Amino acid sequence: MYPHESTLHWIRPLADITLADIDQVGGKAAHLGALLRAGFPVPEGFVIHIDAFVAHFGEITDPLVKPAVPLLQAEFMAQVADALVTFLGNESQVAVRSSSTEEDSSHASFAGQHSTYYFVPPNRIDQAIVDCWMSLWSSAALSYRRAGWTEVMSGEPVRMAVIVQRMIPAERSGVVFSRDPIHAASTDTVIEASWGLGAALVDGRVSPDHARVNEDGVITSYVVNDKAFQVSPDPRNHDAARLQEVAKELRHKSVLDDSETRHIANISLQLETLFEGPQDVEWAFVGHHLYLLQSRPITTRAEHHDVPEQLVLFKPLAENFTEPLTPLSEDMYARVLPKVGAFYQGRCYISLSQLQRLNIFSLDDTEIVELALLRNTPAKLKLSWPKATLAGAMLGLAYLADGANWIRTARASPAALQRFETLIHKVRHDPSYTPIKALKRLVWGKHPFEPIGHHMFYANISAGRYFLYLGVLQALVQRFAPDYPLSDLSGTYHGNQDMQSLALLKEIDQLSALLREALATGDEVSEQLQQVLDGHANTLPANAAFTQAYEAFLHRYGHRGPREMEMAAPSWREAPASLLAMLKGNTQGQAVQTDRHGEHLAARDALHRHLKPWQRKVVGHLLTKISTFITLRENTRHYHIMLFDVVRQKILDIEQRLLQQSRLKIAGDVFFLRYAELEALWNDAVSAEQAHELVRKRRREWTRLAKAPFEETINIQLPQTATSTDALIGQCASPGLVEATARVVFSLSEASKLARGEILVAPYTDPAWTPLFTRAAGVVVGTGSFLSHAGTVARELHVPCLVDVKDCMQRISDGQRIRLDASNGAVEIVT
């Protein structure tokens, strides 16, 4: 401390603070003081001025160099003790919070980078103050500065004030953005909500409920997520680090009711007016009393690509889920898959230079990218004969080397494919197979002469040859029958009767019928089923017909589920809530039965009327090939998804042991380590503290990336295309025209919202979504392609489907009347 400096001015009541004091008390305290003075509900308290920080540390000239821990001056701590009595009435426990001069500005938020301590008793407040000051040099804060944020600080020294407030034992908490922080064109207010204190949400350890409220105060969406963990509001939880599991009946329950959702949205708009700009607000409920804990300007973070290559998104993976891969999934795939591109921010990209080498046509880079994105095919493809000759020679050599397997996959019977289950069982129960060894064994096989059923990944890729047959079919039909509408061609081909996707849909319809019958009885079994469907119980009634059929279904299809190529994603067997929600939705009305086979025959007859007899034979041969390989592609996917399930189970075995040894904190943390880091943690080469910090940092980054729209290209500039203000444009995956109510479904937890005869609007549709197609009048998807699983199933069901519809989730509101003209690639909002 400076020799004659008084400590009296170092402490000020929070209610006296204004925005003009921001240089003396930091951004967080200045905003809280302004909120209190404007009459908003903020827990009372006091602020320790940055002069106290300077007196103990001096001026910090290099914010990247951590200083020694100071000893607190006795006179200062006496003043703190007096302030506790004067401003907080001698509270037994308080919250001690950081308020840096760096944070909560319009340039940088430093959200979650500095420390907060909960339920602090008076005898620990000295340590909490020092820890808050020292959090200026936490590894997270240092990383934030190194990322470039110090450039906006104009050379000002870093300083830290400290806020001491009445402790709010929040039962519910969250954040609200007065304006959508991701989609600049949107004027919606966005709310995230979870149980307990807000620390779990800030750290990315919980999937919160997600609500959107439009400018008119109408709730346009409320997505209830599985909130597995919470930070306990127990007073013994001093550092808010102790996570506990959320009660089963609350995990899938809405945190907020409609009136609370609208109230929080309205408060955020008031704060936007008060602070003259969009706000990011932290809030909490104790009972039904709302408190505001923080308000800061919404910051946007420009992305700086650190990859030198030109990259194109690998669409077949991206169209299955829009979230990035977790670090462990990304790392393991990178170790196994061919090096034809790169993973960037959790997403898989292909190198443009590799695509240029594979291109045998005279195409420019823009056309190559559009083809890679499975979007636009040039009207006329002109062969580049030098490239085509070289490619033909390479294909000939490849066929000589591997032609036998190519033929074997084409002739693979259902029984041959089923052999994969035997291999799966062997690898799962063989302890010598580590997760990465199991992945390599199941993806690439042991040797080329194994049964083809042991090469499921290869068989799935080889089934993609039906894309080539489709191209040839379209070209021949255009030549043979110029007047035939190509949009009708998709009705002429379909999968065979033994296609697993159709078998799954059929069983789900049967399960739904059994559930409908059971619920209609009104007996004890009916009541037990309803309890499970409502999330109030977990055990299905024993010996009920539905239960037996349900368990048989999980035995065959339990390895499937949402985001099934993400190893962090649980299967239906592990987390059946989304499956039960889907079945519950299917009980609303009888399924509409259609004669799909008859419709296919009628479509072929219509095509045959445009063809000569010999042309019919050529086209018929192609249609047979296409049907064979459509079926093979869907069936091999059913089996090769088992390999991801097996690898996940082996990872979970390791995680369970690490949790028991307290080297990981909660279930799911393992997926935020890379494989080498996981091995190092297992072998004690990395400490639990180091692992916790890595997980914490990566969970936050993953959460940020999951909210941001992904980039389809990196370091490639594509021509801007004109967009219509009236219609949304997409790619036809299944033709048809329908007008109906739009039901906007952000996640499978909302599956029961979709009523029969409505148009499903979704961000993506992996195989776990396609059972919804049986009750949809049409499907609109934000990402995807004609060749996606969603397109395949929609064509089988004769459901109009439009994919790759940009901004459909923002521009289409739940309950609007829309006209889906899938044949012409457009969606029109009617009312």
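The chain of this predicted model contains 27 helices and 25 strands. Its C-alpha atoms occupy a box of roughly 105 × 70 × 55 Å along the principal axes. Of the 831 residues, 52% count as buried. Contacts also reach across the sequence: among those between residues at least 6 apart, 70% join residues at least 24 apart.

The buried set consists of I50, A52, F53, V54, A55, H56 and F57. After α2 comes G58, which has a positive phi, near 75 degrees.

A second region worth a visit is the pairing of two helices further along the chain. Two packed helices are described by the angle between their axes and the distance between the axes. For helix α17 (residues 466-480) and helix α23 (residues 613-660), the axes come within 9 Å and cross at roughly 155 degrees. Because angles over 145 degrees count as roughly antiparallel, α17 and α23 are placed in that class. The crossing of α17 past α23 is left-handed. On the α17 side, the contact is made by Y466, F467, Y469, L470, V472, L473, L476 and F480. On the α23 side, the contributing residues are W614, Q615, V618, V619, L622, L623, K625, I626, F629, I630 and R633. By class, the residues of this contact comprise 16 nonpolar, 1 polar and 2 charged.

Most residues other than glycine have a negative phi. F119, although not a glycine, has a positive phi of about 50 degrees. F119 lies in strand β4 (residues 116-120), and its relative accessibility of 3% means that F119 counts as buried. R563 is another residue other than glycine with a positive phi, near 55 degrees. R563 sits in the loop between α20 (545-557) and α21 (577-586).

Technical notes: Residues are numbered from 1 along each chain as its sequence is written. This is a predicted model: local features need pLDDT of at least 70, side-chain atom pairs count only at pLDDT 80 or more; totals for chains, interfaces and linings use all residues. Side-chain values use heavy atoms; hydrogens and water are left out. Buried means under 20% relative accessible area, exposed over 50%, partly exposed in between (1.4 Å probe, protein chains only). Helices (H or I, at least four residues) and strands (E, at least two) are DSSP runs, numbered from the N terminus. Axes are lines fitted to C-alpha atoms, for helices over the stretch in contact, and angles run from 0 to 180 degrees between N-to-C directions. Angles under 35 degrees count as roughly parallel, over 145 as roughly antiparallel, 65 to 115 as roughly perpendicular and the rest as oblique. A crossing is left-handed if the near helix is turned anticlockwise from the far one by less than a right angle, and right-handed if clockwise. Contact means heavy atoms within 4.5 Å. Ala, Val, Leu, Ile, Met, Phe, Trp, Tyr, Cys and Pro count as nonpolar, Asp, Glu, Lys and Arg as charged, and the others, Gly among them, as polar.
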